[in-house]
Amino acid sequence: MRQAVQLAHENRLQGGRPFGAVLVRDNQVIATGINEIVQSHDPSTHAEMQAIRSATRALGNPSLAGCEIYASGHPCPMCLAALVMTGVEKVFFAFDNNDAAPYNLSSEGTYQRLRLSLNPPPLPIARVDTGITAAQLYGDAPWPQARD
């Protein structure tokens with residue numbers, strides 16, 4: 001999870017949106033992705049989608065069965081659908097839509113417009129505490145200093 005959040009932070013520092021994702025199988029990183037909407041002008045280039053694209057190319061297979069994804073933010077409906085369609089088995093995220101809302105980065109409105117509910121979720125999905133705050137990733141709060 002720390003890698004996903006670090007990717008998101010680095011992307012934000014370079015002018016991108018603060019989202020990162022890491023796809024893992026058998027405790028091995030298969031692929032990573034960052035949100036590239038600002039750079040590509042393509043609204044489908046979310047971090048999870050970029051990780052999926054990279055992983056399926058690397059594996060030469062559209063199935064990601066046995067994989068887990070670690071995402072800095074709660075996946076939007078598009079990303080969650082793609083994760084389900086590729087067979088990803090578990091989703092872990094650091095910040096939810098309530099955390100992202102003050103920074104205009106929540107996908108809650110999209111879920112509402114599509115009339116989608118996450119109860120019950122389409123696959124196991126859980127929040128993981130990273131030890132940083134949403135303000136540190138999305139806002140102007142100072143980033144924690146690296147420890148030795």
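Begin by selecting residues 1-108, the span that the unreviewed UniProt entry annotates as "domain: CMP/dCMP-type deaminase"; UniProt positions follow the numbering used here, feature names are shortened, and annotations may be inferred rather than shown by experiment. The model is predicted, so local features need pLDDT of at least 70 and side-chain atom pairs count only at pLDDT 80 or more, whereas totals for chains, interfaces and linings use all residues. Residues are numbered from 1 along each chain as its sequence is written, and side-chain values use heavy atoms, with hydrogens and water left out.

Within residues 1-108 the chain is 41% helix and 24% strand, and the end C-alpha atoms are 22 Å apart. Helices (H or I, at least four residues) and strands (E, at least two) are DSSP runs, numbered from the N terminus.

**The sheet**

Next, display the five strands of the open sheet, whose order is β2-β1-β3-β4-β5 with mixed pairing. Its edge strands, β2 (28-34) and β5 (125-127), each pair on one side only; two strands pair if DSSP finds at least two bridges between them. From one strand to the next, the twist averages 20 degrees.

Select β1 (residues 20-25) together with β2: the two run antiparallel and are joined by six bridges. Val 22 has Thr 32 in β2 as its bridge partner, and Arg 25 stands opposite Gln 28 in β2. The two strands form a hairpin with two residues between them, and Asp 26 in the turn has a positive phi of about 50 degrees.

**Helices across the sheet**

Helix α3 (residues 47-59) lies across β1, β2 and β3, at about 135 degrees to β2. Axes are lines fitted to C-alpha atoms, for helices over the stretch in contact (heavy atoms within 4.5 Å), and angles run from 0 to 180 degrees between N-to-C directions.

**Loops**

Move to His 41, in the loop between α2 (37-40) and α3. Its phi is near 65 degrees, a positive value in a residue other than glycine. Most residues other than glycine have a negative phi, and most peptide bonds are trans.

In the loop between α6 and β5, select Pro 120; the peptide bond from Asn 119 to Pro 120 is cis, with omega near -5 degrees. Pro 122 is found in the loop between α6 (108-113) and β5. Leaving aside neighbours within four places in sequence, Pro 122 is in contact with Leu 80 and Val 84. The C-alpha atoms of Pro 122 and Arg 2 are separated by 24 Å, the two residues being 120 residues apart along the chain.

**The pocket**

Finally, select Phe 19, His 46, Cys 76, Leu 105 and Ser 107, which lie nearest the centre of the second largest pocket among its 21 lining residues. A pocket is an open set of points on a 1 Å grid over the protein atoms alone, where a 1.4 Å probe fits, with protein on both sides within 12 Å along at least five of seven lines; lining residues have an atom within 4 Å of a point. This pocket holds about 250 Å³ of space, the volume being that filled by probe spheres set on the points, which are joined across faces, edges and corners. The lining divides into nine nonpolar, nine polar and three charged residues. Here Ala, Val, Leu, Ile, Met, Phe, Trp, Tyr, Cys and Pro count as nonpolar, Asp, Glu, Lys and Arg as charged, and the others, Gly among them, as polar.
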